[in-house]
Amino acid sequence: MGSVFNPSVQAERDGAPIETPPRAPSPVHQFGTMAVHAGAHVDPTTGAVIAPISLSTTFAQTAVGKPLGIYEYTRSANPNRDNFEEAVAALEHARYALAFSSGSATTATILQSLAAGSHVVSVSDVYGGTHRYFTKVAAAHGVHVTFSPSIEIDVADLIRPNDTKLIWIESPSNPTLGLVDIRNVATIAHQHGIMVVVDNTFLSPYIQNPLDHGADIVIHSVTKYINGHSDVLMGVAAFNSDELKERLTFLQNAIGAVPSAFDCWLAHRGLKTLHLRAREASKNATVIATALEASPHVKAVNYPGIKSHPHREIALKQHRDGMGGGMLSFRINGGQEAAERFCQATQVFVLAESLGGVESLVEVPSSMTHAGIPREEREAAGVFDDLVRMSCGIEDSVDLLKDVLQALEKAAKPTKSSGFSNGHTS
Ligand SMILES: *Cc1c(COP(=O)(O)O)cnc(C)c1O
């Protein structure tokens, strides 16, 4: 059945034998040291400490079929992509990483590695573009996806013995920040020889390493925290299995959805400060979530870094030091109009989609990132019209806090200039 597991290595978990591929060796250095040094090689010809950007698309050969070095053509491999992939593999405790032209291209390439007739079980509130690919593109290739709002409870029932090949998890979920216990789901999946993919975009490898909790593949939209400066579109997948390495490397080259050398260089530069940015964003989000919880203008706050979160226990088990990350969402009193007024009243938080950059962003998912999902389905997942999503950046927390508090006051007391004649709720 094309299992990716290496039968030569046996791991014992919960008393049941599970086949797992050889894992990456335990890291010798701490995260920050690896972020700065992994994949950062001194140039052997010039001594340059920072790798040059290797823009050449082709590489000279000394004889027919005998390239001078290890490179031939840039789609197949190039020095900047190799460096970046090496760095991500180190940070995700993986043996291998492969970079793609976007997070979406990463998802598409993994789904394309499945044979026609394959079945996938996914958490319901996946990233909008992932949902679109699963429902509108994968089906055309004969790959069918079942969505579950409570995957930890019903994964065993949803598995189709011969057809299910993948379980797809996003933890935290977007935009309601629900958590999934990766180890629980992976244990059941592995009993059936099924692989588990975790989209780790929202937390970054600094806060969560899904492979350590039993996942087989971890993916990222590098566009968000890993690059961290809102100026590169890129994706990456990291894993331990040799068989996956062979299959996905083949597809990376054959499909060709690869990032440019320049983008790899920029993303590698961004990654070197990931630990500093992730700590700061998480600290800022904690300050804001705490203030929102105390505000009379706020109905509910979703943030896994505070005690009130229903899955706080999972955060303590799965996240570095129980950190909550830089993303949070909250329901504001006054309906959709108050949510819109809030986003238009902030002066430091920029009203925009996306997340994970150094700058703080704010948006209304029901009318922006999640507008494509029918209302009923959206509200069943907790995405109401009065929900505001925030990506906390690395500005000073005093300034972010002041900005949020003044915007809450303005959102609560509509004025003519806000564009709404009254504050009726919906
Ligand atoms: C943005 C995002 C993606 C898609 O990544 P792109 O780089 O925009 O293609 C996938 N998953 C999550 C959780 C995201 O936030």
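Author: Two strands count as paired if DSSP finds at least two bridges between them. Strands of a sheet pair through backbone hydrogen bonds, either parallel or antiparallel. Keep in mind that this is a predicted model.

Reader: Okay, in what order do the strands of the open sheet come here?

Author: The open sheet has 5 strands, in the order E12-E13-E16-E15-E14, and the pairing is mixed. Strand E12 (298-302) and strand E14 (350-351) are the edge strands, each pairing on one side only.

Reader: Can you zoom in on one pair? How many bridges join strand E13 to strand E16?

Author: There are 5 bridges between strand E13 (residues 327-332) and strand E16 (residues 387-391), and the two run antiparallel. To find one of them, click on Phe330: its bridge partner in E16 is Val388.

Reader: Now the bigger picture. Which domains does the assignment give?

Author: The protein chain is assigned domain 1 (31-271) and domain 2 (274-412). Taken over C-alpha atoms, their centres are 26 Å apart. At the contact you'll find 36 residues from domain 1 and 38 residues from domain 2.

Reader: How much area do domain 1 and domain 2 bury between them?

Author: About 3,100 Å², with 60% of it on carbon and sulfur atoms. On the domain 1 side, look for Leu179, Tyr206 and Tyr225: they supply 25% of the area that domain 1 buries against domain 2, more than any other three residues.

Reader: And how many residue pairs are in polar contact between domain 1 and domain 2?

Author: 19 residue pairs, counting those with both residues at pLDDT 80 or more. Helix H1 (31-37), helix H6 (182-191), helix H7 (204-207) and helix H9 (261-271) each give two or more residues to the side of domain 1 that touches domain 2. By class, that side has 16 nonpolar, 15 polar and 5 charged residues.

Reader: What about salt bridges: how many are there by this rule?

Author: The rule wants a side-chain nitrogen of Lys or Arg within 4 Å of a carboxyl oxygen of Asp or Glu. By that rule the count is 12 salt bridges, and 1 salt bridge is counted between domain 1 and domain 2. One to look up is Lys317 with Asp181, at 2.5 Å from N to O. Another joins Glu243 and Arg247, whose closest N and O atoms are 4.0 Å apart.

Reader: Why are Glu243 and Arg247 separated by about one helical turn?

Author: Because they are 4 residues apart in helix H8 (residues 242-255), which puts about one helical turn between them.

Conventions
Residues are numbered from 1 along each chain as its sequence is written. This is a predicted model: local features need pLDDT of at least 70, side-chain atom pairs count only at pLDDT 80 or more; totals for chains, interfaces and linings use all residues. Side-chain values use heavy atoms; hydrogens and water are left out. Domain bounds come from an automatic or database domain assignment. Contact means heavy atoms within 4.5 Å. Buried area is the accessible area (1.4 Å probe) that two parts lose on being put together, summed over both. A polar contact is a pair of N or O atoms within 3.5 Å; within protein, one must be able to donate a hydrogen and the other to accept it, and residues adjacent in sequence count only if both atoms are side-chain atoms. Ala, Val, Leu, Ile, Met, Phe, Trp, Tyr, Cys and Pro count as nonpolar, Asp, Glu, Lys and Arg as charged, and the others, Gly among them, as polar.
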